[in-house]
Amino acid sequence: MLLIKNGRVIDPASRADAAMDVLLDGERISKIGAGLAAEGAEIFDARGLVVAPGFIDLHCHLREPGQEISETIETGTRSAARGGFTAVCTMPNTQPVNDSASVTRGIVERAAAGASVRVWPIGAASVGSKGEALAEIAAMKGAGIVAVSDDGRPIATARLMRQVMDYCRALDLPVIDHCEDPSLFAGGVMREGAQSIKLGLKGIPSQSESICVGRDVEIARLTGARLHIAHMSTLGSLEYVRAAKQQGLNVTCEVTPHHFTLTDEDVRYDTHYKMNPPLASRADRDALIEGLADGSVDAIATDHAPHHPASKDVEFDRAPFGITGFETALALGLSELVHTKKISLARLIELFTTGPARVLGMERKIAAGAPADLTIFSTDYEWTFRAADSPSKSRNTPFDGRAFRGAPMATIVAGRVVYRREAAATAK
Ligand SMILES: [Zn+2]
Ligand SMILES: [Zn+2]
């Protein structure tokens, strides 16, 4: 048994925010209340810390199987645990693509053998994510997928999207789309605008994303399926999602920490600023923050996309898209959203817990009988992120060396402490 004493328990599901103790018994929460005692239990002193339901990341790339030079399930989930995540959804664009039950089973088995946190695979929508034939979605569901997506690219055509949604509606799986119009994207490397002209880099107009979001919302209307927009980055996309929600469609979306923190004005000739979707305009960024505040955005997701240093250490045009993200996500949320009073602390927690859980059709709460998955963090702990200290195999982040206030202090999965920050050793 593990007794977490004196923490500030914030649970969006029950709207609780109070000093309470939480007793864990095996893989489940057994009791919550003031002044709990349990003979023989190990004590975790959470004085001054927030105790939240376990964080869920809806979007990451663990690169296994096939790209273990950049990340593995073992290294990626150790990084996730340091970021306070207790469960991560891993995208199917591995080698081979996760488009069959046998690949899904392989991921589940590797996770069972060596992952620090829960790994929930996302299956491909189409065979090889090539946008032609439907993947074995039902068989993959049997093997453990929680959603489908062709992430890395959009679900290729409206017709295919209709088939995928019809199928996933029957299976009650969310369809996650990486929204872009390839004809507008057309070899671009950053958001089109004054900065792309200044840098002489080929731009991608924001409509590349929003056109595809609009298409997907219309097909969600046609089919009644659950649609989730991945890494939404523009005001135009947000307006489609807002309208869809008002009309009662099953449409949800996520925003990444880098898109609510940085803008295209931050882009320089440094491939750690190259991601897809690209960093957007200031107006887009401000709109995303409004959406995070008012409930239009359902979740914060990292899109943790590790790339081996050699592949990013090339010209901007030639580098792959993507940055790592697990270990800076909470700290960016606290620094950029909560300390600046743009959203409340309870809302931030919701965006990491009940919000993503709802997208997956799950519950997330601190209650007797619930899984003992908890994220314990400080809102004030001062530290500096050093990419070199990360257990991830990759270092591609624009936040290396950034000073933060607030950090995950412990991550508990199924009653087991899988990460604990040694505060004294790394302070300031
Ligand atoms: Zn994507
Ligand atoms: Zn992705």
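A residue counts as buried when its relative accessible area is under 20%. Keep that cut-off at hand for this tour of a predicted model.

**Stop 1: Gly76**

Select Gly76, which is found in helix α1. Is Gly76 buried or exposed? Its relative accessible area is 0%, so Gly76 is buried. Now show its surroundings: leaving aside residues up to four places away in sequence, Gly76 touches Leu62, Glu71 and Phe326. Gly76 and Pro391 are 315 residues apart in sequence, yet their C-alpha atoms are 7.3 Å apart in space.

**Stop 2: the zinc ion (ligand 2)**

Move on to the zinc ion (ligand 2) and display its donors. Which residues supply them? They are His59 and His61, each through NE2, together with Asp151 and Asp303, each through OD. These donors lie 2.1 to 2.3 Å from the zinc ion (ligand 2).

For reference, the ideal angle for four tetrahedral donors is 109.5 degrees.

Along the chain, the donors of the zinc ion (ligand 2) follow the spacing H-x1-H-x89-D-x151-D. Two of them, His61 and Asp303, link distant parts of the chain, 242 residues apart. His61 sits in the loop between β6 and α1, while Asp303 sits in the loop between β15 (299-300) and α11 (309-312). With a relative accessible area of 4%, His61 is buried. Asp303 counts as buried too, at 10% relative accessibility.

**Stop 3: across Asp151 to the zinc ion (ligand 1)**

Keep Asp151 selected and follow it to the other metal. Asp151 bridges the zinc ion (ligand 1) and the zinc ion (ligand 2), and the two ions lie 3.4 Å apart.

What are the protein donors of the zinc ion (ligand 1)? They are Asp151 (OD), His178 (ND1) and His231 (NE2), which lie 2.1 Å from the ion. Their spacing in sequence reads D-x26-H-x52-H. Within this set, Asp151 and His178 join distant parts of the chain, 27 residues apart. Look for Asp151 in the loop between β9 (147-148) and α4 (158-171), and for His178 in the loop between β10 (175-177) and α5 (182-185). Both Asp151 and His178 are buried.

**Stop 4**

Switch to a backbone view. Most residues other than glycine have a negative phi, and most peptide bonds are trans.

- Pro65 is found in the loop between β6 (55-60) and α1 (73-82).
- Asn276 to Pro277: this peptide bond is cis as well, with omega near 0°. Pro277 is placed in the loop between α9 (257-261) and α10 (282-294).
- Asn6: phi is positive, about 65°, although Asn6 is not a glycine. Asn6 lies in strand β1 (residues 2-11), and at 30% relative accessibility it counts as partly exposed.
- Ser129: phi is positive here too, near 50°. Ser129 is found in the loop between β8 (118-123) and α3 (137-143), and it counts as buried at 4% relative accessibility.

**Stop 5**

Select Val9 and you will find Val51 of β5 opposite.

How do β5 and β16 run, parallel or antiparallel? They run antiparallel, and four bridges join them. Here Val50 stands opposite Phe377 in β16.

**Stop 4: a pair of helices**

For the last stop, select helix α12 (residues 329-338) and helix α13 (residues 345-352). Their axes come within 11 Å and cross at roughly 145°, and the crossing is right-handed.

Note on methods: Residues numbered from 1 in each chain as written. Chains lettered and ligands numbered in written order. Predicted model: local features only at pLDDT ≥ 70, side-chain atom pairs only at ≥ 80, totals over all residues. Heavy atoms only, no water. Helix = DSSP H or I, 4+ residues; strand = E, 2+ residues; numbered from the N terminus. Buried < 20%, exposed > 50% of the residue type's maximum accessible area, 1.4 Å probe, protein only. Donors = N, O, S within 2.8 Å, 3.2 Å for Na, K, Ca; no water. Pairing = 2+ DSSP bridges. Contact = heavy atoms within 4.5 Å. Axes fitted to C-alpha atoms, helices over the stretch in contact; angles between N-to-C directions. Left-handed = near helix turned anticlockwise from the far one by under 90°.
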